[in-house]
Amino acid sequence: MSAERSTIKERAKEALKDDYLRGAVKSTTDRLRTNKLASQEALGNWEWWRERGRQIRAHVVANLDYYLSQLAENVRQNGGHIYFCETGHEAVKQVIEIAKRVKARSVVKSKSMVSEELHLNHALEQEGIEAVETDLGEYIIQLAKEGPSHIIAPSIHKNRHQVAELFAETDGKEFIPSDTQTLTAFARAKLREKFMTGEIGVTGCNFAIAETGSVCLFTNEGNGRMVTSLPKVHIAIMGMERILPTVEDLEVMMNLLPRAGTGQKLTSYVSIITGPRKSGEVDGPEEFHLLVVDNGRSEILEDEDFRQVLHCIRCGACLNVCPVYRQIGGHAYGWVYPGPIGAVITPLLNERNDQYQDLPYASSLCAACYEACPVKIPLHDLLVKLRARNVEKGRTSRWEKLSFRMYRHAFRSPKRYRVAIRLASRLQKPFLRHGFIQAQLPILNGWTGARDLRGFSGESFRDRWKTLQNVLEKDKG
Amino acid sequence: MQKSQEAAFIERISRKLGRPFPKEKPEQPVRGVPSEWMPDTFDTEQACAAFIANWTALTGKAVLLTPDELSQQLQEVIGHHQAQQVIRWDDDFLEEMNIDETVRRTGAEIRSWKEGDRRELLAYAERCQVGITSADFAIGETGTLALFAGRGKGRSVSLLPPVHIAVFPIERLVPRMTYVLTYAAKHGMSSSLNFITGPSRTGDIEGDLSIGVHGPAYVYAFIVKK
């Protein structure tokens, strides 16, 4: 993932120059959002389902220690192995240890956002082990050596011609036709070989079920089924909060996740994997390993407000409605998770890294993200809270500190307030055109760069009140 | 060693939650969908009609037919896809429907998924144009097949060939997912339980829907009513 030391503002500026990116992101997010609205309408009682989803997620996170230990018991009961990894580094070490033990040369991967946090592919390649992304979108961005720019549509920023060029290059060909069917068929043929020969399948985990020790995957392409059916070893990697108490609770998520993500009633495949293959079965893995990854999550648990961000089911709905994401796309957020959820979770998971603490400002606080969220996470509130935290920790510019100090000073006494307003209305004069400030003032250009700011009125309300009061009293009399 | 790492991990979570590890199983305020969601009785024919409508909307083909019609339809589909090799589940209902005989009548070769050399069986399934399974349940509401993996019921049969045909009796139809999940919870999970809702698909290139990425592009559901 891009670790360059730039600010969200700089990255956003770059992204805004890319007209193709903006067009592609807009049309895909429009479609996803429209489909979502239609399918939640079709289900009926969407608000009721959202509340149910929220309750289940809140209960799990509030009792996470219990459910993790129940999950561990049941995974072992099913003949699987479970590992608890405090850091990303530990998780990577664990995967490599398994890969070395089974002498794996090739790992086939189904989409996993948490593995992006760990830079797993890079680490495997360092060990001389090939890591192949098999979700079409992930395959595309892996060939392009980029990271995902949307949680469920990772290659949203690439057009078909760019994809055709990438595929041609991979195959040492001059040209490949850029129609979707041809491109899909190309990926199918290439990746089929990999599925048949890969020794290890790595997947993410949409939900783990504590009561049964299962992991559940929602997929459309079938690659998740391939990597959990053909290789001899299956390693599932999950963020530690991705649990449901029972398999019955999964039904609520089956109604929420696909509808919120793509507007499907259900994804083409929902697979519930419980341990390795049983005796008498021919396919399926001989070994099942589940990695539970903390990687900064437990820090979030302490604060009950921020805790809610762990309710997230990674559907991507908040991205599709966000006026900021829709303009700048995913890469501008600078880390694994883009959009409103990224703007909240990235600074929290990288708490000690100042580089990411500007993300909460990449929001208009319109709360469309909250409205779209299938488990009702108040992302807009959390963005404000993160900004407040930045102020407490002194992570603000000198200008901002100075202006608010002046603001506080002026607003503390009526007299000072009056003087300040009078002063401001006089000082603004050189910049006023038809009652608006149009000039690019250094401190105000956040506003005046793209629109005009209304100037102070010459007369304050308090001044006008005196005459108004007289008029009113006359009217009464 | 590993156990203590686990203990430390869970201890840290209890600490962050600001309380000791719960002594008892926490009381769930809500669990799954409400019980009204799953009535005791339902109309199978209605669930079947809903399944056919939903499966068809996803570009699948679903037909309610008699055993005789099944034989005829199967031959047509195998002919249509010019299948030379077919793999099927080792399953009682498929045996009862004489699937092997029907398939062989088209001139195609058919093998069933029996214990044996894994590598050889997978290679064969990969070469097949058609995979035939039964279905443990079919869900009307969403147009979904539920396949429980097990002995004779390979995961690859409904996955590797480009054409998947599911043949099952109408009695396997239920209106909602709830029936399958409560069944699974009660009878124990299979190593792999797959819910299949239409063909393999993707929208990863410009959001353009494309069918048959890694799994089957053509999906048939033959629902048998004796």
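Helices (H or I, at least four residues) and strands (E, at least two) are DSSP runs, numbered from the N terminus.

Quick housekeeping. This is a predicted model, where local features need pLDDT of at least 70 and side-chain atom pairs count only at pLDDT 80 or more, while totals for chains, interfaces and linings use all residues. Residues are numbered from 1 along each chain as its sequence is written, chains are lettered from A and ligands numbered from 1 in the order in which they are written, and side-chain values use heavy atoms, with hydrogens and water left out.

So, the two chains. Chain A has 23 helices and 13 strands, and its C-alpha trace spans about 95 × 55 × 45 Å along the principal axes. Of its 477 residues, 58% count as buried, and buried here means under 20% relative accessible area, with exposed over 50% and partly exposed in between (1.4 Å probe, protein chains only). Chain B comes to seven helices and 12 strands, in a box of roughly 70 × 45 × 45 Å taken along the principal axes of its C-alpha atoms. There, 56% of the 226 residues count as buried.

In chain A, 71% of them join residues at least 24 apart; in chain B, the figure is 77%.

Now the sheet I like. Eight strands make an open, mixed sheet, and the order goes β8(A)-β5(A)-β6(A)-β9(A)-β9(B)-β6(B)-β5(B)-β8(B). Which strands sit at the edges? Those are β8 (243-244) of chain A and β8 (173-174) of chain B, each pairing on one side only.

Let's walk in on the chain A side. β5 (residues 207-209) and β6(A) are antiparallel, with three bridges, and A:I209 stands opposite A:S214. The two form a hairpin with four residues between them, and A:G213 in the turn has a positive phi of about 70 degrees. On to the next neighbour: β6 (residues 214-219) and β9 (residues 269-273) of chain A run antiparallel, joined by five bridges. In that pairing A:C216 faces A:I272, and A:V215 faces A:I273.

In a regular strand the side chains alternate between the two faces of the sheet. For β6(A), A:S214, A:C216 and A:F218 point one way and A:V215, A:L217 and A:T219 the other. Six of the six residues of β6(A) are buried, so the strand is largely enclosed by the rest of the structure.

Over in chain B, have a look at β7 (residues 163-169): seven of its seven residues are buried. B:V163, B:I165, B:V167 and B:P169 point one way, while B:H164, B:A166 and B:F168 point the other. β7(B) runs parallel to β4 (residues 130-133) of chain B, over four bridges, with B:G131 opposite B:H164. It is also parallel to β12 (residues 218-224) of chain B, over seven bridges, and there B:F168 is opposite B:I223.

Next, the cores. A nonpolar core is a set of buried Ala, Val, Leu, Ile, Met, Phe, Trp, Tyr and Cys residues joined through side-chain atoms within 4.5 Å. The largest has 111 residues, and A:L68, A:I272, A:L290 and B:F195 touch the most other members. Helix α12 (residues 247-261) of chain A gives the largest share, eight residues. Leaving out residues up to four places away in sequence, A:L68 touches A:F84, A:M240, A:I243, A:V292, B:F9, B:I10 and B:I13. Apart from this core lies another, of 72 residues, including A:A168, A:L191, A:V282 and B:L94.

On a 1 Å grid over the protein atoms alone, a cavity is a set of points where a 1.4 Å probe fits but cannot get out, and a pocket is an open set with protein on both sides within 12 Å along at least five of seven lines; lining residues have an atom within 4 Å of a point. Grid points are joined across faces, edges and corners, and a volume is the space filled by probe spheres set on the points.

The second largest pocket has a volume of about 1,000 Å³. Of its 45 lining residues, A:K111, A:I152, A:F218, A:N220 and A:T262 are the closest to the centre. α2(A) supplies the largest share of that lining, four residues.

Technical notes. Two strands pair if DSSP finds at least two bridges between them. Contact means heavy atoms within 4.5 Å.
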